[in-house]
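This report looks at the spaces inside a protein and at the molecule held there.

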Amino acid sequence: MTPPKGRGKPPRHFVDLTPEERREAVAALGEKPFRAKQLATHYFTHLSSDPSEMTDLPAASRDRLAEALFPQLVTPVRTLSADAGATVKTLWHLFDGVKVESVLMRYAHRNTLCVSSQAGCGMACPFCATGQLGLTRNLSTAEIVEQVRAAARSLADGEVAGGPGRLTNVVFMGMGEPLANYRAVMETVRRLVAPVPDGLGMSARNVTVSTVGLVPAIDRMAAEGIPVTLALSLHAPDDELRSELVPINTRWTVDEALDAARRYFEATGRRVSIEYALIRDMNDHAWRADLLGEKLNARGRGWVHCNPIPLNPTPGSKWTASEPEVEAEFVARLRAHGIPTTVRDTRGSDIDGACGQLAAEEDV
Ligand code: SAH
């Protein structure tokens, strides 16, 4: 029986377990512990959880192990592509009927998956479609890693335009606030960066965790010793406006969030990204670019870069992207302050797959 939406825990999955726990789980099923390594190799090296592909295991063990340790946690129900097939958005059903989305983007020198870490989001940013949904629930580690495995496998199998490829980057910029699901997100990061066959063997610097600025969680992440890239969704340099755009700002202010970002840089050596959705006549004023440049420089040089993003439209929102010349002036001002600035290329806005557009709508 399917539990009610958003209730109950996802079934235990191999990926939720540490290597030691994987051996114990395999032994508890009456199998030799070394089978755990074979399963890990199938999963993380061959990107497979399909027992029919596990031909180095005895047929009877194969099905039993897969049934107990590889429950189907994410089921693709629809894919939409854009940019001549270089952007693919997948809608997933989770075990309890909850829906999330992920977006795979193919570039010349990297392939990036944007994953969801929560179904919905509790941060209520008014310009973000996910923020309008409220939070349904946190995703488990395996539910997040499964989005990654599926994308890596479809790239490897040549299902994405451009021929067979390798997944190089993961960004936690899909649905949800990753640092509000701290434990599962950090466990996911561990699975992504652990060398094969214990994990996917990705480089920590190619994993980006994007946050509204949950200060204690930023500090906690800085102490983990895994130098993932931190992105801070700032959107305004002044508290009055930021509290409207990013409501959690009433708990941790602009200065507190920027101080935490700076501490993250000091702890990890990783340059922090400042995300700034440019919203026409809201936050795109030249004086705000100057104030942002000053606040960043007050905390040192060379520790940060800025990623302005033209606002993507969301249903029911009165806001729209800045005029091109206003955007150009904003960027020029930041650069004049010496802040490296690149306007984010928005992918997939025609399939509601761009930043802030993920609402897991089935009937669009
Ligand atoms: N909750 C996290 C991660 C998800 S959003 C965070 O807020 O950082 C990923 C990025 O998309 C964030 O920088 C977010 O502010 C931005 N975003 C949200 N809505 C947007 C929109 N309508 N247009 C452009 N960017 C948007």
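## The ligand and its surroundings

In this predicted model, an oxygen atom of the ligand is found 2.5 Å from an N or O atom in the side chain of serine 233. Taken alone, the ligand would expose 530 Å², of which the protein buries 96%.

The ligand is surrounded by 19 residues, and the closest of these are Phe127, Ser210, Ser233, His235 and Asn312. Sorted by class, this shell is made up of eight nonpolar, nine polar and two charged residues.

## The cavity

Where does the ligand sit? Its place is the largest cavity, and the structure holds one cavity of 30 Å³ or more. The volume of the largest cavity is about 500 Å³, and of the 31 residues that line it, Phe127, Cys128, Ser233, His235 and Gly356 are the closest to its centre. Strand S8 (207–211), strand S10 (272–278) and strand S11 (304–310) are the elements that give two or more residues to this lining, which by class has 18 nonpolar, 10 polar and three charged residues.

## The pockets

| Space | Volume |
|---|---|
| Largest pocket | about 700 Å³ |
| Second largest pocket | about 590 Å³ |

For the largest pocket, 30 residues form the lining, and those closest to its centre are Arg110, Val171, Met173, Asn307 and Arg344. Strands S10 and S11 each supply at least two residues of the lining of this pocket, as do strand S3 (99–106), strand S4 (111–114), strand S7 (169–172) and strand S9 (229–233). The residues of this lining divide into 11 nonpolar, 12 polar and seven charged.

The second largest pocket is lined by 29 residues, with Pro76, Trp92, Ala150, Ala151 and Ser154 the closest to its centre. Strand S1 (74–82), strand S2 (87–94), strand S3 and helix H4 (141–156) each supply at least two residues of its lining, and the largest share, seven residues, comes from H4. By class, the lining of the second largest pocket divides into 16 nonpolar, nine polar and four charged residues.

Methods. Residues numbered from 1 in each chain as written. Predicted model: local features only at pLDDT ≥ 70, side-chain atom pairs only at ≥ 80, totals over all residues. Heavy atoms only, no water. 1 Å grid on protein atoms, 1.4 Å probe; cavity = no way out; pocket = protein on both sides within 12 Å on 5 of 7 lines; lining within 4 Å. Points joined across faces, edges and corners; volume = space filled by probe spheres on them. Helix = DSSP H or I, 4+ residues; strand = E, 2+ residues; numbered from the N terminus. Nonpolar A, V, L, I, M, F, W, Y, C, P; charged D, E, K, R; others polar. Near = heavy atom within 4 Å. Polar contact = N/O pair within 3.5 Å; in protein donor to acceptor, adjacent residues only side chain to side chain. Areas by Shrake-Rupley, 256 points an atom, 1.4 Å probe, with all protein chains shown as cover. Sits in = over half its atoms within 2 Å of the grid points.
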